[in-house]
Amino acid sequence: MLWQALTLQLGYNATLVTLGALLLGVAAGGTGTFLFLRKRALVSDAISHATLPGVGLAFLVMVALGGDGRNLAGLLFGSAITAWLGLLTVQWLNKHTRLSEDSAIGAVLSVFFGAGVVLLTVIQTMSQGRQAGLDSLLLGSTAGMLFSDAAMIAAGGAVVLALALLFRRPMTLVAFDANYAAANGLNVSRIDLLTMGLVLAVTVVGLKIVGLILIVALLIIPPVTARFWTDRAEEVWLISGAIGGAAGYLGAAISASAPNLPTGPIIVLVAFALFTVSLFFAPARGALSSVLRHRRFQRHVHRRQGLLALANGLPIYERYTMRLLSQEGLIRPDGVATKIGERQAASAMQDEHRWRLLREMPAHEDIAARYDGLSGLETILTKDQLRDLDAKLAEGKT
Amino acid sequence: MSGAEFVPLSLTPMLIGVFAAIACALPGNFLVLRKQALIGDAISHVVLPGIVVAFLVTGSVAAGPMMLGAAAAALVAVVLIELIRRLGKIETGAAMGVTFTALFAGGVLLLERSDTSRVHLDVEHALMGNLESLIWLDATGWHSLLDPQALAGLPNELLRMAIVLLFIVTLMFVFWRPLKIATFDEGFAHGLGIPTNAIGLGLVMTAAIAAVAAFDAVGSIIVIAMFICPPAAARLMTDHLKAQIWWSVGFATLSAILGYVLAGYGPLWIGRSDSVSAAGMIATVSGVILALAALAGPRRKGLTA
């Protein structure tokens, strides 16, 4: 069943939803990257909650004009308008009052959502509103999705993706260093507005599939996950889009493979699973690799300091150092250096002497800056340079 | 309106609304000042998985297990956020976004997978509460307030909310000084030997208790709105912490009463028959108050302006 879902063989509707979720995920992951790098991830929470009153108003207006209140395009248009208002309110509060951005976000999201709930209760008491099912936009609902809905979601996702690709350079620059971007002649506030506009578009497009409460997850989790895998902005962008797309595709497929598996929450949980795996096991910045890197560093320091102590004829008391040295056969259990130990201690000592001399030579200033008390100079200098250095060392001694 | 109608139908929901609003606004003052306003948002989202798990474990929707489950979920969320922030070296906002959405998604999934058809447990209820249904059927008028038999029929939520409010007020009195110093100058507080980390965690847990108790009665929208809007509006009125707290209590009370009245009676005034969501209206009113304060509050620009 799951296999059939993954290979898009579960029928028309499931295929539509899965492809729509894939595109939505890629668009959200890509766009969310700029938001995350700009350290404003939770602004999207305000935007998504602020869509609710727009949905209600759009329904009321469409019914008042004699149309079908459930027209998805109309509902999404309305939601975009109030979401935009919500975003402007956050920025206005942040700029013109002493309130910080987090207070502004919280105020906007709760108030707009509350107003939306009031409108929903109004609609529920209307005769036309009883079957409106607007509350399905809270958590998303993919059952009985129309082809026109799916086409709109796919087209929306594609447009967002294209815009994000087109403007990725200025948006990345602003996300990393707004002052530098401004000094380079970029209009920071306009680019911020563009980023937010794309986020808003993703939110609106995602309402039908993921719902307004969980859409922020698709904007936040993929970039945070991608950040564990790389330190390069362009790669974060690509990986984040891939993770978002994978979460959308897998989530929608899993949800289609059995009853009672709501699409939105499953997509979010797949994304979270990818996040958890990356948090621990990603090679670049994962927790496990950090621990290993730290341990390796610790071992280097202890080994080096132990060897220097041996060379200076000082006794070693530190347990970890003793264990390390005796494991490598460099000292005997009573702490006296073995033959190999003496040789290595001497070479460590010689390295320290070389470094000390090097630091006094203005010509090698840039190399001297790389002294960390760990790496041997022979890994940095050429053989000729080492020979010159050793010659100077010998001069100094005589 | 006569007492015979007002006391049984509107007095208790109104009082519960006021108590819930104040209980959330009090810790909200410090959350806003410490730039942790969104912790309230995160907590109110994770309440849902908490109560769903509590329901699955106990099989009932009794208040006790629900509140325990919600409190446990809040604690799990706070720990997870901190863990992800430290392990992954990512900023708090993103860590929060990852945590509460994932937990909320888990809650919705559990709810869909389990058989909750015989009990009243769904996402809408969690969001919007059921303030309107907390009526006092045993009352017949104002004199019922002195009638022990009628008083026994008061909704449980009223007593619970009052106790939680009292608890929070007591905590604030007891920890006033360390809390104040730790909020405004963490380094100085540290120098005085105040355990700032414990104070921070205690504040968040207090907020969680307020959120969980209020959530049971009024839904999570009010909780987030009351954590942030009254304290934020109060912050625009004054530079003094004590005055700010009094303002926020006033704003919270005003929002609760005005919001309830507008939701219950407003539609009647404009000739419609059905009331609208009281929770939504209370949040909306608090937003209007904040908007007025932001436009005209005497200290809206802060000290530098």
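Predicted model: local features only at pLDDT ≥ 70, side-chain atom pairs only at ≥ 80, totals over all residues.
User: How many helices and strands are there in chain A?
Analyst: Residues are numbered from 1 along each chain as its sequence is written, and chains are lettered from A and ligands numbered from 1 in the order in which they are written. Helices (H or I, at least four residues) and strands (E, at least two) are DSSP runs, numbered from the N terminus. On that basis, chain A contains 0 strands and 19 helices.

User: What is the radius of gyration of chain A?
Analyst: The radius of gyration is taken over C-alpha atoms, and the globule rule is 2.2 Å times the number of residues to the power 0.38. For 398 residues that rule gives 21 Å, and the value for chain A is well over this, so chain A is more spread out than a compact globule. Its C-alpha trace spans about 105 × 55 × 35 Å along the principal axes. The radius of gyration of chain A is 30 Å.

User: What is the radius of gyration of chain B?
Analyst: Chain B has 13 helices and 0 strands. The globule rule gives 19 Å for its 305 residues, and the value for chain B is close to this, so chain B is as compact as a globular protein of that length. Its C-alpha atoms fill a box of roughly 60 × 50 × 40 Å, taken along the principal axes. The radius of gyration of chain B is 20 Å.

User: Which element gives the largest share of the side of chain B that touches chain A?
Analyst: Residues are in contact if their C-beta atoms, placed from the backbone, lie within 7 Å. By this criterion, 52 residues of chain B are in contact with 48 residues of chain A. Elements giving two or more residues to this side of chain B include α2 (37-58), α3 (63-88) and α4 (92-113) of chain B. The largest share, 14 residues, comes from α4(B).

User: How many residues on the side of chain B that touches chain A are charged?
Analyst: Ala, Val, Leu, Ile, Met, Phe, Trp, Tyr, Cys and Pro count as nonpolar, Asp, Glu, Lys and Arg as charged, and the others, Gly among them, as polar. This side of chain B has 30 nonpolar and 12 polar residues, and the number of charged residues is 10.

User: At what angle do the axes of helix α13 and helix α14 of chain A cross?
Analyst: Axes are lines fitted to C-alpha atoms, for helices over the stretch in contact, and angles run from 0 to 180 degrees between N-to-C directions. Helix α13 (residues 233-257) and helix α14 (residues 263-281) of chain A have axes that come within 8 Å and cross at roughly 130°.

User: Is the crossing of α13(A) and α14(A) left-handed or right-handed?
Analyst: A crossing is left-handed if the near helix is turned anticlockwise from the far one by less than a right angle, and right-handed if clockwise. The crossing of α13(A) and α14(A) is right-handed.

User: Which residue classes make up the contact of α12(A) with α14(A)?
Analyst: Helix α12 (residues 215-227) of chain A packs against α14(A) at about 20°, with the axes 9 Å apart. The contact involves, among others, L218(A) and I221(A) of α12(A) and F272(A) and F275(A) of α14(A). By class it has no charged residues, 2 polar and 10 nonpolar.

How values were computed
Contact = placed C-beta atoms within 7 Å.
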